[in-house]
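Could you walk me through this model in my viewer, one selection at a time? I would like to know what to pick next and what to look for there.

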Number of protein chains: 2
Amino acid sequence: MENVGTALAEMTLPQTSPLAGEPIDRADAERLASVLKALADPARLRLLSLIQSAPDGEACVCDLTAPLGLSQPTVSHHLRILTEAGLLEREKRGVWAFYRLVPSAIGTIADLLTPPRKRATKKAPR
Amino acid sequence: MENVGTALAEMTLPQTSPLAGEPIDRADAERLASVLKALADPARLRLLSLIQSAPDGEACVCDLTAPLGLSQPTVSHHLRILTEAGLLEREKRGVWAFYRLVPSAIGTIADLLTPPRKRATKKAPR
């Protein structure tokens with residue numbers, strides 16, 4: 001359970017957006033859905049939020065249990081899901097593991113979900 | 001089951017992003033998670049994709065069963081979840097209901113997930 005965190009790099013998110021005007025294929029839809037499933041949980045959204053707003057943008061389990069009001073095993077479970085989805089990266093230092101966001105991963109999801117009408121304003125046809 | 005589709009308008013998505021540098025509260029996290037759950041399914045992502053790329057950006061169940069290889073009740077079930085989440089709007093015309101994307105809803109989710117580093121490039125501190 002230690003060597004997780006490279007799932008997203010290995011799996012690569014779809015290059016095409018479900019909203020880009022061309023249907024995405026089944027495999028791309030499955031990859032994107034699996035990352036969205038990791039995001040689609042209130043405790044995990046709050047964890048991302050707390051880590052993002054922590055000093056230096058990183059936090060360990062010890063920082064996160066009290067603000068969430070959840071046990072350490074539960075927080076660790078959610079952190080593992082986010083790490084396996086490639087949304088967090090994990091670094092062990094001493095007895096604690098520290099977590100930080102992988103901004104490129106979340107940025108990619110945001111781009112994939114940006115409706116074409118919004119994107120079109122950036123490079124509208126003449 | 002007919003009067004759905006206004007869920008998102010009634011519920012309103014959080015104004016703050018989980019990635020905006022300030023922790024989102026429990027209620028906002030629950031609202032955002034419920035919309036992400038509706039998105040986090042391969043069949044539903046493909047449905048959004050097919051509807052978006054259809055002529056006039058709209059489609060009825062009758063257009064969607066064959067490309068997805070799913071039964072009409074299954075497609076209707078997924079369309080209902082997307083409509084209840086406020087991601088699709090539904091208009092009954094004759095015997096068929098037609099569905100189209102609610103771009104503002106999906107755009108809001110994309111904005112909420114856009115990492116601050118990306119946004120910061122627009123107004124970087126000197």
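Start by showing both chains and selecting the contact between them: chain B contributes 39 residues and chain A contributes 39 residues. Keep in mind as you go that this is a predicted model.

How much area do chain B and chain A bury between them? The value is about 3200 Å², with 70% of it on carbon and sulfur atoms. Now colour the side of chain B that touches chain A by element. Helices α2 (26–39), α3 (42–53), α6 (103–113) and α7 (116–120) of chain B each supply at least two residues to that side.

For polar contacts across the interface of chain B and chain A, the rule finds 4 residue pairs, both residues of a pair being at pLDDT 80 or more.

Next stop: the sheet of chain B. Hide chain A for a moment and select the strands.

Zoom in on β2(B) and its partner, strand β3 (residues 96–101) of chain B: the two run antiparallel and are joined by 6 bridges. To follow the pairing by eye, pick B:R90 and look across to B:Y99, its bridge partner in β3(B). Then pick B:E91, whose bridge partner in β3(B) is B:F98. Follow the chain to the hairpin of β2(B) and β3(B), where 2 residues lie between the strands and B:G94 takes a positive phi near 65°.

Now switch to chain A and select its strands. Here too, 3 strands form an open sheet, in the order β1-β3-β2, with antiparallel pairing. β1 and β2 of chain A stand at the edges with a single partner strand each, so one side of each has no neighbour in the sheet. Neighbouring strands of this sheet are turned by 30° against each other on average, direction ignored.

Select strand β1 (residues 58–60) of chain A together with strand β3 (residues 96–101) of chain A, and you will see antiparallel pairing over 3 bridges. Within this pair, A:E58 has A:R100 as its bridge partner in β3(A), and A:C60 has A:F98.

On to strand β2 (residues 88–93) of chain A, which pairs with β3(A) in the antiparallel sense over 6 bridges. Pick A:R90 to find it opposite A:Y99 in β3(A). The hairpin of β2(A) and β3(A) has 2 residues between the strands, and A:G94 in the turn has a positive phi of about 65°.

Definitions and conventions. Residues numbered from 1 in each chain as written. Chains lettered and ligands numbered in written order. Predicted model: local features only at pLDDT ≥ 70, side-chain atom pairs only at ≥ 80, totals over all residues. Heavy atoms only, no water. Contact = heavy atoms within 4.5 Å. Buried area = accessible area lost by both parts, 1.4 Å probe. Polar contact = N/O pair within 3.5 Å; in protein donor to acceptor, adjacent residues only side chain to side chain. Helix = DSSP H or I, 4+ residues; strand = E, 2+ residues; numbered from the N terminus. Pairing = 2+ DSSP bridges. Axes fitted to C-alpha atoms, helices over the stretch in contact; angles between N-to-C directions.
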